Amino acid sequence: MDVARTQGLPGNLPASLAAELRGEIAVLRLSRPQKRNALDDGTVFGLETFFQELPSNVKAVVLHGEGDHFSAGLDLNELTERDFAEAVDHSRNWHRVFEQIEFGKVPVISVLHGAVVGGGLELACATHVRVAERSTYYGLPEGTRGIFVGGGGSVRIPRVIGVSRMMEMMLTGRTYGAEEGFAIGLSHYLVEPGTGLQKGLELAEKIARNTRLTNFAIMHALPRIAESDRASGYLTESLVASLTQSGDEAKARLKAFLEGKAPKVLRD
Ligand code: 1HE
């Protein structure tokens, strides 16, 4: 890849990941289409390197997949020889890496197409905004493969679609198509084939225009508040609201609106 386009991005990524800088947006591609972007250890550790070493000029990340599928989930070749302790370590690695995405430096938009299954769905649910092309389908084949989710799926996916739907997906091995997935909240946007990356980039650019402090509050404070008791939630919300309002950039933006210089909120 052109060095200028990767400038400042972590260079030590495995071949299964490709990174590119487009202005303030980093685009990360799962690039193992020959294995349907199955997530082996090298890829998972590469994700960790990428998100940990993201330079401060990057304001948002778009994650997408090469080939016909976003990701076929865990590389099943890696499962066969593991003992119990190794399996725990493996799952905990995924937890650490996916936390780095969900509670990392900047918002992440995933662009989904084809299979988004098993660990691929766990990865997608660690991102903040999901754009699905109409070819997308979602599944949790762990149940039928005799295993269980191990990448934080049982923590994140019920928060997106509810325990009941996730339970049924795992018990029966059913899949949800793109339209159904959109209807139940698996994706925030549903777009035509081949247009997902463009949509993801447009959203990333909007997100990049927010103040850093607001994006930080949305990513880090909002989910914590939503999971806390009401009294703690109200207290944290007041503190975070006050913190964001006290920033110079926030003040300038509010003043600009009051002076008729900032855009109105109109229907998209
Ligand atoms: C793989 C994997 C994989 C493909 N691990 N190698 N995930 C699953 O149970 C999904 C398994 N994959 C599939 O159902 C299908 O591959 C797809 C529907 C995604 C794509 O089908 P297709 O026809 O386009 O490709 P293919 O011919 O099945 O696969 C192409 C190659 O990718 C083939 O290898 P090859 O050497 O024979 O060419 C496949 O073996 C390989 N491949 N998917 C390893 N997943 C932290 S816990 C998370 C637990 C899970 O994620 S469990 C869910 C695992």
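Student: At roughly what angle do the axes of helix 10 and helix 11 cross, and within what distance do they come?
Tutor: In this predicted model, the axes of helix 10 (residues 212-227) and helix 11 (residues 230-245) cross at roughly 180° and come within 11 Å.

Student: Why are helix 10 and helix 11 called roughly antiparallel?
Tutor: Angles over 145 degrees count as roughly antiparallel. The crossing angle is roughly 180°, and helix 10 and helix 11 are therefore roughly antiparallel to each other.

Student: Which residues make the contact?
Tutor: Helix 10 contributes Leu213, Thr214, Ala217, Ala221 and Ile225, and helix 11 contributes Gly233, Thr236, Glu237, Val240, Leu243 and Thr244. These residues divide into six nonpolar, four polar and one charged.

Student: How many aromatic pairs are there?
Tutor: The count comes to two.

Student: What makes the pair of Phe50 and Phe51 edge-to-face?
Tutor: Planes over 60 degrees apart count as edge-to-face. The planes of Phe50 and Phe51 are at 85°, with ring centres 5.0 Å apart, so the pair is edge-to-face.

Student: Why does Phe50 count as buried?
Tutor: Buried means under 20% relative accessible area. Phe50 has 0% relative accessibility, so Phe50 is buried. Phe51, with a relative accessible area of 3%, is buried as well.

Student: How is the pair of Trp94 and Phe98 described?
Tutor: The pair is tilted, with 50° between the planes and 5.3 Å centre to centre. The angle falls between the cut-offs of 30 and 60 degrees.

Student: Why are Trp94 and Phe98 separated by about one helical turn?
Tutor: Because they are four residues apart in helix 3 (residues 84-102).

Technical notes: Residues are numbered from 1 along each chain as its sequence is written. This is a predicted model: local features need pLDDT of at least 70, side-chain atom pairs count only at pLDDT 80 or more; totals for chains, interfaces and linings use all residues. Side-chain values use heavy atoms; hydrogens and water are left out. Rings of Phe, Tyr and Trp (its six-membered ring) pair if their centres lie within 6.5 Å; planes under 30 degrees apart count as stacked, over 60 as edge-to-face and the rest as tilted. Buried means under 20% relative accessible area, exposed over 50%, partly exposed in between (1.4 Å probe, protein chains only). Helices (H or I, at least four residues) and strands (E, at least two) are DSSP runs, numbered from the N terminus. Axes are lines fitted to C-alpha atoms, for helices over the stretch in contact, and angles run from 0 to 180 degrees between N-to-C directions. Angles under 35 degrees count as roughly parallel, over 145 as roughly antiparallel, 65 to 115 as roughly perpendicular and the rest as oblique. Contact means heavy atoms within 4.5 Å. Ala, Val, Leu, Ile, Met, Phe, Trp, Tyr, Cys and Pro count as nonpolar, Asp, Glu, Lys and Arg as charged, and the others, Gly among them, as polar.
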